[in-house]
Amino acid sequence: RIYNDLGKLNKSIKFYEKAISIKKDYYIAYNNLGKVLFDLGRKDQSIKMYLSAISINPNYHFAYYNIGFALSETIFKKHNPLLNNIFITLLDKKTLIRPTDIFASINSHLKIDVNTKNIINKILSEDSNASIEKNIIKLSNNLLLMKLMKVCELPDTEFENLLTKIRSYILLNISEIKFTSHFLLFQIALSIQCFINEYIYNISENETKALKNLENIVFDKFERGLHVDSALLVCLASYKPLYNYPWVNLINNKKDIKDLIKIQILEPKNENILSSKIPTLKKINDKISSKVKKQYEENPYPRWINIGLPISPLTISDFIETLNLKIYEKKIHDCHKPNILIAGCGTGQHSITTSQTFQNSKVIAIDLSLRSLSYAKRKTDEFNINNIEYIQADILDLPLLNKKFDIIESVGVIHHMDDPMNGLKVLVDCLKPGGLMNIGLYSELARKNITITRNEIFELGISNSENEMRSFRKRIINSKINHHNYIKENYDFYTLSALRDLLFNVQEHHFNIPQIQEILKNYNLKFCGFQNQKIIKNFKADFSDKDSLYDLSKWNIFEMNNPAAFINMYQFWCQKVI
């Protein structure tokens, strides 16, 4: 490990291999060897080492953490059955990794499996009811796919076509299907998936009529006190959330669909209770803020299940070293109990992650949307996290808090304000001298195709109603126009709230790196470095000297040569200098 720390990776490999040759079950050595191999770009070999560590000690958390990171950068060309259980375990662990981070890897692994591919092709190509039903049951035996459907959206048009057809088949043939336990399990996974993606799949006219008929049948059964088959409820739940139905409180003792009841009834009910307990700093009065608030009340963003949290929290000094940030005011290293503000926390992924990143931290997380905050609070309670205080507030009203913070994070927020610079000024004023700020802004260059599509929506007069968003989305799916193909590659295309955020947002500003340079100068902020390590790795291939990392003019050249580099956004750290 000493050689490893010194950067002498090839020499450290020899020592790890020597240790393993002496002690075959030395799982820590396998794990550390895997890390070295990964750093050297030998991903396949590193995954084998992590698998060896896990096979020796199935409870070794560090190996799962490392293999999750390695798999997030791996697209498979050859199926490895051993990885199925690893993927399932990763998805089972609630705080180890974001499922969307490894979706591409899982997707490639699923589709390279001949049996799975054949089943998918048969369902998509055949019209025989008996054949479709038979293949749905076969698909239910794919535990990895079943698990994936229940923890994250599936950002893939082939899977969308598959699940849309299966959902339609079940509804239109519900009186004829034999609902075996396996079939019901798949049906539940499908309904949870539809809930997660916020019912983004298109509905045909035949489905609309059949759905209305089924709703009437179920309502009548509840009215008369008759037994209602679980299969009928699950079918409805694949088109609308169960909590929307007037008879929802009459669902009792349905143990066979308890997972569905939890996610579609109990959790939303809990969020309604929590919303009444979240304080409001001040009534939202700003015109644009009110519009943005309305959007995220209607579509809280994102709806998520699992999250990736650090194995252990870091001191600010350790965090700075991990991200290789350039620090100008050294006294930040002396802050051991940081007060942190998350300005625009959404549904809680950001606030929860930050609260577990920094040792001894206290976090205040604000957002315009009460529904988003109640979702965030529910997830915070679920993970037994107790160092976050949620407040409904507008960034413009933050002076009313009368607090100064050591760290402020506002990622993907101020570019939705009427005047982003007004918002930034408020945040800078709330930051202590020498404090750190994490800012996320949309890139004008990276979002060029999104801008073209947004202009297209405006010219066509398409509203942000759910039906019109679905209709326009269907047009994009069937289109082969370049900027539409680009949109289909974006994960935000695959849930309704994310689609609205991506293409139908009520307010959006874009920036470029020269503008960021000017903004930092105007607000006495010094650039400390970008956060995304994959982007940094690519940057280093062009600019190898260390100082270039903190030279925004070099980053501007890099972006011009790599226009899609900041497709998510610019996310960078800066420091308030005295």
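Two strands are said to pair if DSSP finds at least two bridges between them. In this predicted model, strand β2 and strand β3 (residues 388-392) meet that description, pairing in the parallel sense over five bridges. Within this pairing, I364 has E389 of β3 as its bridge partner.

Between β1 and β2 the chain passes through helix α18 (residues 349-357), in a β-α-β crossover that is right-handed. Five of the six residues of β2 (residues 362-367) are buried, and the strand is therefore largely enclosed by the rest of the structure.

Turning to the packing of nonpolar side chains, the largest nonpolar core holds 108 residues, of which I166 and L503 touch the most other members. Helix α12 (residues 181-196) supplies the largest share of this core, 10 residues. When residues up to four places away in sequence are not counted, L503 touches I450, T453, R454, I457, F472, I476 and I487. Another core, of 45 residues, lies apart from the largest one, and its members include I395, F530, Y550 and L552.

Several loop residues can also be described individually. N490, in the loop between α23 (482-488) and α24 (496-503), has a relative accessible area of 15%, and because buried means under 20%, N490 counts as buried. A polar atom of the N490 side chain lies 2.9 Å from the backbone nitrogen of D492, while I450, L502 and I567 are touched by N490 when residues up to four places away in sequence are left out of the count.

Two further asparagines have a positive phi of about 55 degrees although neither is a glycine, namely N402 and N524. N402 is placed in the loop between β3 and β4 (405-411), and with a relative accessibility of 71% this residue counts as exposed. N524, by contrast, is found in the loop between α25 (513-522) and β6 (525-530), where its relative accessibility of 48% makes it partly exposed.

Methods: Residues are numbered from 1 along each chain as its sequence is written. This is a predicted model: local features need pLDDT of at least 70, side-chain atom pairs count only at pLDDT 80 or more; totals for chains, interfaces and linings use all residues. Side-chain values use heavy atoms; hydrogens and water are left out. Buried means under 20% relative accessible area, exposed over 50%, partly exposed in between (1.4 Å probe, protein chains only). Helices (H or I, at least four residues) and strands (E, at least two) are DSSP runs, numbered from the N terminus. A crossover is right-handed if, with the strands pointing away from the viewer, the path from the first strand over the helix to the second runs clockwise. A nonpolar core is a set of buried Ala, Val, Leu, Ile, Met, Phe, Trp, Tyr and Cys residues joined through side-chain atoms within 4.5 Å. Contact means heavy atoms within 4.5 Å. A polar contact is a pair of N or O atoms within 3.5 Å; within protein, one must be able to donate a hydrogen and the other to accept it, and residues adjacent in sequence count only if both atoms are side-chain atoms.
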